[in-house]
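Open the model in your viewer and keep the selection tool at hand. The stops below go from helix packing to ring pairs and back to helix packing.

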Amino acid sequence: MKNFKALGLITATLFTASIALTACGTGTKSASTPAASTAAATTAASASPKTEGGKVTITLGAYSVVKESFDHIIPKFKDQWKKKTGQTVEFQESYVASGAQATAIIQGFEADIAPLSLEGDIQKIAEKGLITHDWKNNPYKGNITASIAAIGVREGNPKGIKDWADLTKPGVEVLIPNPSTSGGAKWDINAIYGAGLKASEAAGKKDPAAAKDLVSKVYKNIKVLDKSGADSLTTFDKGVGDAIVTYENELLARIQSGKKYVEIIPQYTTSIENPVALIDKYVDKHGNREVAQAFLDFLYTPEAQKVFAEKGFRSVLPEVAKQYEKNYTTPAGLFNIEYLGGWDKVNKELYGKGAIWETILAEGGTK
């Protein structure tokens with residue numbers, strides 16, 4: 001497998017610019033490998049019948065990690081809606097990296113509902129005037145799932161990996177998605193950076209330089225920077241890498257499917273919150289607000305939340321989370337995005353132009 005870690009910011013930009021969406025035709029089948037341009041996907045979504053012959057269409061623009069969950073949730077909603085209204089709901093589905101999906105929606109992909117990895121990706125869409133309501137105005141602040149950042153290793157943990165620092169050891173090959181295109185990657189980098197802050201704080205002083213140093217050392221061992229969390233796991237499935245940094249739910253789903261992986265939960269890691277929003281401009285254009293809102297509401301029901309939990313997510317519903325709590329370990333050093341100062345600060349100081357991640361890329365690319 002070619003080593004992509006030196007691709008740098010130019011390649012990351014190309015990833016975003018060239019990403020193609022997978023909006024399918026009628027029904028609920030979709031492909032997770034991009035096969036059409038944003039313009040083509042938009043045309044397909046716009047040309048699809050909205051309310052015709054007892055049918056209505058919802059276009060879903062999601063990040064890649066949730067595809068397996070929606071494969072089960074969508075049929076449940078369709079059955080429920082049919083019984084309630086007599087109307088058949090058809091779905092057009094697109095699953096790509098969160099950042100790329102947000103960009104596509106901004107550029108004209110007419111998604112009615114966007115389940116994405118990051119609050120910041122939803123906020124970008126809102127800032128362009130496509131979301132006009134307060135999308136965080138519910139008891140869950142707009143989030144439909146939760147997780148933590150974890151490390152996945154192969155059966156028997158041959159490299160003896162126990163924490164983030166072990167990913168910096170010579171000879172350890174690490175997989176992580178590219179934060180220029182993947183929301184999941186930002187959570188992963190946040191986890192490592194925050195762990196560096198936590199460790200330095202425990203030693204006496206919260207030190208951003210020590211946190212950057214930890215991320216930089218892990219970066220030196222990165223074998224592949226894939227464009228999404230799903231792609232990163234596919235690479236790991238092919239036998240590439242000794243360890244993968246990813247969502248806990250992705251690891252648990254793989255383990256449940258029979259993969260001989262082991263989940264490593266670091267002493268310090270971040271909690272993950274994944275939001276969803278209805279895209280007002282496109283919903284109003286399509287005239288399908290009632291069914292789109294109903295589907296969004298359905299994502300918060302115990303029925304849908306149990307599907308997410310079965311796929312390894314931590315439910316946002318307390319009663320469902322309690323039911324599945326035996327499946328999870330919560331480390332004592334768990335922190336959230338507020339520990340890092342919130343997304344505005346993180347996006348500026350960690351991922352902005354000339355910020356920490358860009359500096360690490362530049363330094364790593366010269367070696």
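Helix axes here are lines fitted to C-alpha atoms over the stretch in contact, and the angle between two of them runs from 0 to 180 degrees between N-to-C directions. Bear in mind throughout that this is a predicted model.

**Stop 1: helix 6 and helix 7**

Select residues 183-202, which are helix 6, and residues 208-220, which are helix 7. The two axes are 8 Å apart and meet at an angle of about 135 degrees. That angle makes helix 6 oblique to helix 7, since roughly antiparallel would need an angle over 145 degrees. Their crossing is right-handed.

Now show side chains at the contact. On the helix 6 side, pick Ile189, Ile192, Tyr193, Ala195, Gly196, Leu197 and Ser200.

**Stop 2: helix 5**

Helix 6 is also one of the elements against which the buried residues of helix 5 pack. Select residues 119-127 for helix 5, and within that stretch highlight the buried Gly120, Asp121, Ile122, Ile125 and Ala126. Besides helix 6, their packing partners are helix 4 (98-107), strand 4 (113-115) and strand 10 (268-278). After helix 5, click on Gly129: its phi is positive, near 85 degrees.

**Stop 3: ring pairs**

Next, show the aromatic side chains; the structure holds 14 aromatic pairs. Start with Phe77 and Phe298, whose ring centres are 5.7 Å apart. Is this pair stacked, tilted or edge-to-face? Its planes stand at 55 degrees, so the pair is tilted; edge-to-face would take over 60. Phe77 belongs to helix 3 (residues 67-85) and Phe298 to helix 11 (residues 289-298), so this pair ties together parts that are 221 residues apart in sequence. Both Phe77 and Phe298 are buried.

Then select Tyr219 and Trp357. This pair is edge-to-face, with 5.6 Å from centre to centre and 85 degrees between the planes. Tyr219 takes you back to helix 7, while Trp357 is in helix 15 (residues 356-365), so the pair ties together parts that are 138 residues apart in sequence. Tyr219 has a relative accessible area of 1% and is buried. Trp357, at 4% relative accessibility, counts as buried too.

Ring pairs link Phe77 and Phe298 with Phe70, Trp81, Phe91, Phe295, Phe308 and Phe313 into a cluster.

**Stop 4**

Just after helix 12, Gly312 has a positive phi of about 100 degrees.

How are the two helices arranged? They pack at an angle of about 165 degrees, with axes 9 Å apart. That makes helix 3 roughly antiparallel to helix 12. Their crossing is right-handed. From helix 3, the contact uses Ser69, Phe70, His72, Ile73, Lys76 and Gln80; from helix 12, Glu303, Ala304, Val307 and Phe308. The contact of helix 3 with helix 12 has five nonpolar, three polar and two charged residues.

Conventions. Residues are numbered from 1 along each chain as its sequence is written. This is a predicted model: local features need pLDDT of at least 70, side-chain atom pairs count only at pLDDT 80 or more; totals for chains, interfaces and linings use all residues. Side-chain values use heavy atoms; hydrogens and water are left out. Buried means under 20% relative accessible area, exposed over 50%, partly exposed in between (1.4 Å probe, protein chains only). Helices (H or I, at least four residues) and strands (E, at least two) are DSSP runs, numbered from the N terminus. Contact means heavy atoms within 4.5 Å. Angles under 35 degrees count as roughly parallel, over 145 as roughly antiparallel, 65 to 115 as roughly perpendicular and the rest as oblique. A crossing is left-handed if the near helix is turned anticlockwise from the far one by less than a right angle, and right-handed if clockwise. Rings of Phe, Tyr and Trp (its six-membered ring) pair if their centres lie within 6.5 Å; planes under 30 degrees apart count as stacked, over 60 as edge-to-face and the rest as tilted. Ala, Val, Leu, Ile, Met, Phe, Trp, Tyr, Cys and Pro count as nonpolar, Asp, Glu, Lys and Arg as charged, and the others, Gly among them, as polar.
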